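Here is a friendly note to go with the structure, for a colleague who is opening it for the first time. Please keep the 3D view beside you while reading.

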Amino acid sequence: MDQFEEINRKNGRIVKVILSIPIFFCVFIVVAFALYVPSFIKVAELGNLQVEILNQVDMTPVEADAYLTKLTGDSKVRDILSTNVRYNSALVKLYTKKGDYDMAIEKCSSLLEENDSVFYRYYLAEAYYEKGAFEDADREFIIVVNTAPEDFWEIDIYDDEAQARVDSIKIKANAQSRIDLVRLRKAIIDASADMELTKEKSSGYVNSFKLKDEFIEPLLGDSEFIVAYLDLCVSVRDFEEIKRIVPQAIAAQNNLSYHYYLGIIKEVDGEHEKALEEMKAALPGEGITNFDGEDFYSIAKTKALAGIFVAEDYYAKGKYTESFDLYKQVSYQSTNIVDSNNKDDFVCAGEFYSLFVWKKEPSHESLTDLDQDGLSDDLEEVLGTDKNVKDTDGDGYEDEKEYFYGHDPLRKSPEDVLSDKDYCDIFRKALPYFAPFYNKTNNQTN
Amino acid sequence: MGMLGTMVFAILATSAFFFGAIDIPTLLFMTIAVNLLSWIFALFINDLIYRLLYKIKFYKQEEFRSLNPELSEYISVICQANKVKFPKIGIIDDDNPTAFTYGSLPSNARLVFSKGIFTYLNQDEVEAVIAHEVGHIVHYDFLVMTIANTLVQILYELYFICTKTKSKNSRDKNPLAFIGIVSYIFYIIATYVLLLLSRKREYYADEFSAQTTQRPNSLSSALIKIAYGMVTLNSDTKSRKLLESTRAMGIMDPHVAKGIGVVSQVSGQDSGQIGKVLAYDFVSPWATILEFGSTHPLTGKRIQRLDEMAENFGQEKSYDIRATINNMNIDKKKLYSGFYLGAFMYYLPIFGLLTGFFFGGISAALTFCGLGVIVKTLYKFNNDPVQNMTLLELMTDIYASPAKGRKVVLEGKIIGRGEAGAYLSEDLMFQDSTGLIYLDYTSKFGSLGNLFFALKKVFKIINQDVQAEGWFFRGNYQMISVSKIKTVSETIKSHPRLWSLLGGLALIVLSGAIG
């Protein structure tokens, strides 16, 4: 081989090496993309599915799960679409519809860190809302309403201007509706605890809520709200509304206290025995401790009222012992739920409970006791003893001591030992005293 | 020029598409239509450009016949033999020897050459060159290249559409991007295929010339004179004066030249140096590689083919390249180590860009690219000691490189514009006792300074004896980036390093601004 050929060959090799770099690069790219081609086709197919998912209003968890499998089945598709707003929004919506709220919230939160998109914010708020975290939902929906662009066509995810217009109206309107609903919920809960509430106001709240038919589903699972709302319905005697709401609420989340309202409906319909069954079902079972002190106010209240209903029935049927037992439980529940901010109510309930259930020397702190017999003037008025005389019946025993030892201060001893019936009478007389909420409700039901 | 124009159109049209002004069928239709129009109007546009920007005069057949009856008769014979119309003749008033054709069809072709070809080529060589150009006309090369260029543009547009079209969904990875990238790869490949096609057309025209003249060696020696610039003028001042005076009268009759003896000859012919000039094209890896990006084949390879044809015609080979190279004492280590280091430096900005991008993102990429540009520039325009050289010596240096300049000073004369007759060209054609070379001038004021130099200075130094200092580069063509041109009365400074260094610095500053 001569020099000419040698150099020619060497140069040829250099050319080959240099040309092979871009060729390898091309091959690399072509192969990499070829591997992605089926995924890209899938991605293109998924485009319409995503829009469909985002536009679908009603979706069962099973359907949501099926959609999820379709969207997340292919890891390359996930990779290609990992930053796609519409894809991620659809995923979050599906998690929410499936009931996997924490997953939806977590995903949205991490997506929001990278891209503060109004869509992620909206679906995060929706997840909170569906989960029942209404305060978080309210906060996020307010951000959505405040920061959403006037026209979504500005956002770079639309190919279709009409769709963008529709979405900009729909998303903002939905967010606003839910903000309103969350506020109405709060107002209704507060209203039901308000002793001074007028009938007009109650009726106003009930009518406002009746008008909402969208987005109330998460509220149906919120027993605190439902009981508060039903309470308002009872107070305005809107039994039709109770009939409408209770079955839906039970379907969403069964709660013992709903049976109280079923009982009321039956009672209104004149089916007393059936009403009684429902009321019994609303009770938490045997024993004072089964009344849960941790209950929401409105729920605890319905349990107490159901208890009173059943106790009254026992009384009417002459079952004084059962009636008395139940009254004791009701008064225990009352001490838990009367408004501790309202000092008088609180002390009244406590005094009554100490004296007749706990069998302890009652303390009545701030309440006046003119005759210094250990019973407050208010309680003496309720029980019928003389608030100016220590010993009303004049048998030598002070009024408070007589009750404490099981005697009637209105009758002279020795014929004054209190029977179960007597106790029942005392409880019945004193109901407005130890269960101040009873008065309001009771007046309205009858 | 036409291709550049249609390329600009392609970019504009795809941008219009991108902004939604037009749709895909319209775009493709427009591309084809505009290329068609540009092909149809190329003739008029080019006529206009040459009339406006070049010192050119056009002659019809009859007018040319009165100017140069012999050459006119020669062209006429070839044209008749190949059944094409006699082309319109354009003559550029510049001593830089050059010849080319343009047009849209053989029937309306223009054949243009500079007066320089009569200065530097003998009649046989002129005929060979003219025959080569007529070969382009006969082969429909304008049409072939326009069609090929249209196809390449469509690929580019496909790439542009596919990668940019979905940008409303800018946060998505776009599935069409795949097609886009594939079209881009094909676009790049097609660009090189286009160049390959162009080189094939040149060989084809060479073949036509050899067939027509039956003297392949004439074209060989013309190529050595024009493409390598290896030409020396007869020092007989009397004959030169006579030649110049006749040419001043607008007569370029080769008879006149013949009458005063051989005007020019291939320099170094007698000492066997020309073989070494050709050797570069076969030995240097630079030549081999850079040929891929060139519209014309390496001159050495063209001459080799012409030699083969001469053998077929039973004529003597003008250069036995193989024997020449085998007899040369080539330091392969020097050749290849120089090439590898040079190639590394040549592509340093790209290496810097890629390395920076992989290891630190856009900001680092810009910094590394800027550093690469600076290092490359300092290596390219190095501060080696200046050597007194002749062009023949430079052209026989097989270690020459486009990456590392050889700092030289040459004695000679400016004979014309770098691009023959172009008013706006700031570059120059230089001649020393052994040959011609392109001088690249760079003003410190950038393009505006270049334009000023082209308009106000160049005509003053043409035909002046000068001393040119600068860096000699050779790849698939050769040139000198001048740093100084000393005339009798003044020293003109050129700043080839300045703008590259500023560019490198700008990149670094920009990266600082981004990062």
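The numbered points below go through the two chains and then the place where they touch.

1. A word on the source. This is a predicted model, in which local features need pLDDT of at least 70 and side-chain atom pairs count only at pLDDT 80 or more, while totals for chains, interfaces and linings use all residues. Residues are numbered from 1 along each chain as its sequence is written, and chains are lettered from A and ligands numbered from 1 in the order in which they are written.

2. Chain A in outline. Chain A has 21 helices and zero strands; helices (H or I, at least four residues) and strands (E, at least two) are DSSP runs, numbered from the N terminus. Of its 446 residues, 39% count as buried, that is, with 20 or more other C-beta atoms within 10 Å of their own, the C-beta atoms being placed from the backbone. Of the contacts in chain A with a separation of 6 or more, 55% are between residues 24 or more positions apart; a contact here is two residues with C-beta atoms, placed from the backbone, within 7 Å.

3. A helix pair in chain A. Have a look at H6(A) (residues 118-131) and H7(A) (residues 134-147), which pack at an angle of about 155° with their axes 8 Å apart. That makes the two helices roughly antiparallel, a label for angles over 145 degrees; axes are lines fitted to C-alpha atoms over the stretch in contact, and angles run from 0 to 180 degrees between N-to-C directions. Residues of H6(A) that meet H7(A) include Tyr122(A), Ala125(A) and Tyr129(A), and those on the H7(A) side include Phe141(A) and Val144(A).

4. A buried stretch in chain A. Within H13(A) (residues 258-268), the buried residues include Tyr258(A), His259(A), Tyr260(A) and Tyr261(A). Just after H13(A), Gly270(A) takes a positive phi of about 85°.

5. Chain B in outline. Chain B comes to 20 helices and 13 strands. Buried residues make up 46% of its 515 residues. Residues 24 or more positions apart account for 68% of its contacts with a separation of 6 or more.

6. A sheet in chain B. Four strands form an open sheet of mixed pairing in the order E1-E2-E4-E3; strands pair if DSSP finds at least two bridges between them. The edge strands are E1(B) (56-59) and E3(B) (99-102), each pairing on one side only. E1(B) and E2(B) (residues 88-92) are antiparallel over four bridges, with Phe58(B) partnered by Gly90(B). E2(B) and E4(B) run parallel, joined by five bridges, and Ile89(B) has Leu111(B) as its bridge partner. E3(B) pairs with E4(B) in the antiparallel sense over four bridges, where Thr101(B) stands opposite Leu111(B).

7. The cover on E4(B). How many of the five residues of E4(B) are buried? Five of five are: Arg110(B), Val112(B) and Ser114(B) on one side, and Leu111(B) and Phe113(B) on the other. H6(B) (residues 123-138) lies across E3(B) and E4(B) (110-114), running at about 15° to E3(B).

8. Where the chains meet. Here 20 residues of chain B are in contact with 25 residues of chain A. On the chain B side, H8(B) (176-213), H12(B) (274-283), H13(B) (285-290) and H15(B) (321-327) each supply at least two residues, and H8(B) gives the most, with four.

Methods. Angles under 35 degrees count as roughly parallel, over 145 as roughly antiparallel, 65 to 115 as roughly perpendicular and the rest as oblique. A residue is buried if 20 or more other C-beta atoms lie within 10 Å of its own, exposed if 12 or fewer, and partly exposed in between; C-beta atoms are placed from the backbone.
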